[in-house]
Amino acid sequence: MFAKVSQLMDYVDFRWQTWVLGYDSAFQSEFLEDLLGAVSPVRIAIALIVAVTLLMGLYALFLLWHGGNERLTLMEREYWRLHQRASERGRPLEAGLTPMQLCQAISEQWPQAAIAADNWAKYYQKLHYDPVSLPNKQQKRHLRSLRNRLYKLLD
């Protein structure tokens, strides 16, 4: 068994010596001819353009896959759900409103919802900006129920 492992290691070392350390201009030309056919500056330029385009496309897909899926926290989702519902039901609201500004905008459009919006905003701020602890399930459930009550007043 040790002999087989030793032979495998020798083979790996041989391939390393020939492919990496022994990579000279003759081997490079032979490799390019195998890859491109007749080597010419135009073919090399086309191959480089294709390779760079392919790499850029893969990078763009990677960014779309990872960058497009920004994960929102539970509190951020809570805020954006109310913001979106209010924007759909009334005049569009600008992005970047604080919870109290969102509450004020809702109160202006739906005066009957002013108290519910104020309750939601105060509770939201209490949970979201408390530096001591994260909200527990019961608190999250209560915030969601405040939002659902507010939804009913927006209809």
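In the predicted model, the count of aromatic pairs comes to 3. One of these is formed by Tyr79 and Tyr124, whose rings lie 6.3 Å apart from centre to centre with 45 degrees between the planes, a tilted arrangement. Tyr79 belongs to helix α4 and Tyr124 to helix α6 (residues 114-128), so this pair ties together parts that are 45 residues apart in sequence. Both Tyr79 and Tyr124 are buried.

Tyr124 also pairs with Trp120: the ring centres are 4.9 Å apart and the planes meet at 20 degrees, so the pair is stacked. Trp120 and Tyr124 are 4 residues apart in helix α6 and are therefore separated by about one helical turn. Trp120 has a relative accessible area of 1% and is buried. The relative accessibility of Tyr124 is 3%, under the 20% limit, so this residue likewise counts as buried. Through ring pairs, Tyr79, Trp80, Trp120 and Tyr124 are linked into a cluster.

Charged residues on the surface form a further feature. Arg77, Arg81, Lys137, Arg141 and Arg144 gather there in a patch of positive charge. Helices α4 (74-89) and α7 (137-154) are the elements that supply two or more residues to this patch, and α7 makes the greatest contribution, with 3 residues. Arg81 is located in helix α4, the helix that also holds Tyr79. With a relative accessible area of 37%, Arg81 falls between the limits of 20% and 50% and is therefore partly exposed, whereas Tyr79 is buried.

Key: Residues are numbered from 1 along each chain as its sequence is written. This is a predicted model: local features need pLDDT of at least 70, side-chain atom pairs count only at pLDDT 80 or more; totals for chains, interfaces and linings use all residues. Side-chain values use heavy atoms; hydrogens and water are left out. Patches are made of residues with over 30% relative accessible area and no salt bridge: like charges are joined within 9 Å, nonpolar side chains (Val, Leu, Ile, Met, Phe, Trp, Tyr) within 5 Å. Accessible areas come from the Shrake-Rupley method with a 1.4 Å probe; for residues, only the protein chains shown count as cover. A salt bridge is a side-chain nitrogen of Lys or Arg within 4 Å of a carboxyl oxygen of Asp or Glu. Lys and Arg count as positive and Asp and Glu as negative; His and the chain ends are not counted. The place of a charge is taken as NZ of Lys, CZ of Arg, CG of Asp or CD of Glu. Buried means under 20% relative accessible area, exposed over 50%, partly exposed in between (1.4 Å probe, protein chains only). Rings of Phe, Tyr and Trp (its six-membered ring) pair if their centres lie within 6.5 Å; planes under 30 degrees apart count as stacked, over 60 as edge-to-face and the rest as tilted.
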